[in-house]
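Here is a short note for a colleague who has not seen this structure before. Please read it with the model open.

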Amino acid sequence: MLTRQNLFSSRTLLHAVLAIAACGATNAFAQAGNPANGATAYTEKVAGASCQDCHGFAGTFRDLRFAGANEAAIRAAIAGAISSNAGQVMGVYQNAPWTAQKTSDVAAHLVVAITPPPPPPFAPLPTPTAAPSPVSFPSTAVGATSAPIAVLLTNSAGTAITLGNPAVNASTGQVANFRSATVSAGQTACVNGGVMQPGASCSVGFEFVPTTAGASTATYRVTFVGNVPARDITLQGTPTGAGGSTAPTSSANAPLNAGAGALGWMNLLGLLALLGVSRTRRR
C-alpha cells in the first residue's frame, strides 16, 4: 500500500518523465537548422529536380513566399508541403535521401539567404555598318524620280540580330524629297522583322524625288529589335530645272510692241506722202 510520501515521490517522478518526454518531443519537432548545410540541400536534386530548380534563388524565393517569417514558420510550411505532396511533386521529399534535418537546414538557409542583385542591363550590340553613308544622289529635276541607290547593311556583331518592323523610318530633315525604294535584282533586300546572321548583309533602297528647288538633306533611320542601336542614314540631293527657265513675254507688253510697229508704218506713209507732194509741185 502506497503511503502519502511514496505517492508524492511517484507523482514527482511522473512529472519528471513527462517533462523529459516533452523536451524530447520539442527537440524532435523543432530541429535547429544549419544554414550552410541548407545551402547545399537547397540545390540537391531529388527525383531529378532541386528546390532551386523549382523556386529559383533562395533569397528571391524567401522574399516571395516567406517574407518576414522566422525559421520555425518556414520549416513548418516546408514540412506541411512535403506531407501533403503539394503540387503533386513534394511527395518525393518524404523518403530518403531527404530527411527532416534537411528540411530544417533549408529553412535556416532561407532565413539568411541573400537576394541576388538584378542582372546588369545587356551591353548594346554593335550597330550594323552602312555603305554608302551619306548617300549622294545625282542631280534630278523637280518632279522627277532619281535612279534608286542601295545602302548595304552588314551585321558586325557576333550574334544574329533582328530588324525592326518597320525597319526603315523617316527621321529628320526634308524627308518628303526622298523615299524608300526596292533594291535592284540580285541584291538581298532587308525585310521588316528579318534576321541578320553574324557577318550577313542586306540592302535598303532610297530614291530622290525633289518637290522643291534647293539642296535637300534628310535622315532615315533603320531600327533593330532588342539592344541594337539604330543606324541613321543621311541622304543628300540637289534638284535641277528649278528657277532657271525664262518666263514667256507678258501680254501686257503687247500693246507697246504693237504701238511701236504702228508708229513706224505711219512715219513711212507720211514720208511717201511728202515725196508725192514735192513731185507735183515740180511739174
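1. The model is predicted, with local features needing pLDDT of at least 70 and side-chain atom pairs counted only at pLDDT 80 or more, while totals for chains, interfaces and linings use all residues. Residues are numbered from 1 along each chain as its sequence is written, and side-chain values use heavy atoms, leaving out hydrogens and water.

2. The largest pocket holds about 420 Å³ of space. A pocket is an open set of points on a 1 Å grid over the protein atoms alone, where a 1.4 Å probe fits, with protein on both sides within 12 Å along at least five of seven lines; lining residues have an atom within 4 Å of a point. The volume is the space filled by probe spheres set on the points, which are joined across faces, edges and corners.

3. Lining this pocket are 23 residues, and His55, Phe61, Ala81, Met90 and Tyr93 lie nearest its centre. H5 contributes the most to the lining, four residues; helices are DSSP runs of H or I with at least four residues, and strands are E runs of at least two, numbered from the N terminus.

4. Five strands form an open sheet with mixed pairing, in the order S2-S10-S9-S5-S7. Strands pair if DSSP finds at least two bridges between them. Its edge strands are S2 (135-136) and S7 (195-196).

5. S5 (residues 161-173) runs antiparallel to S7, joined by two bridges; Ile161 stands opposite Met196 in S7.
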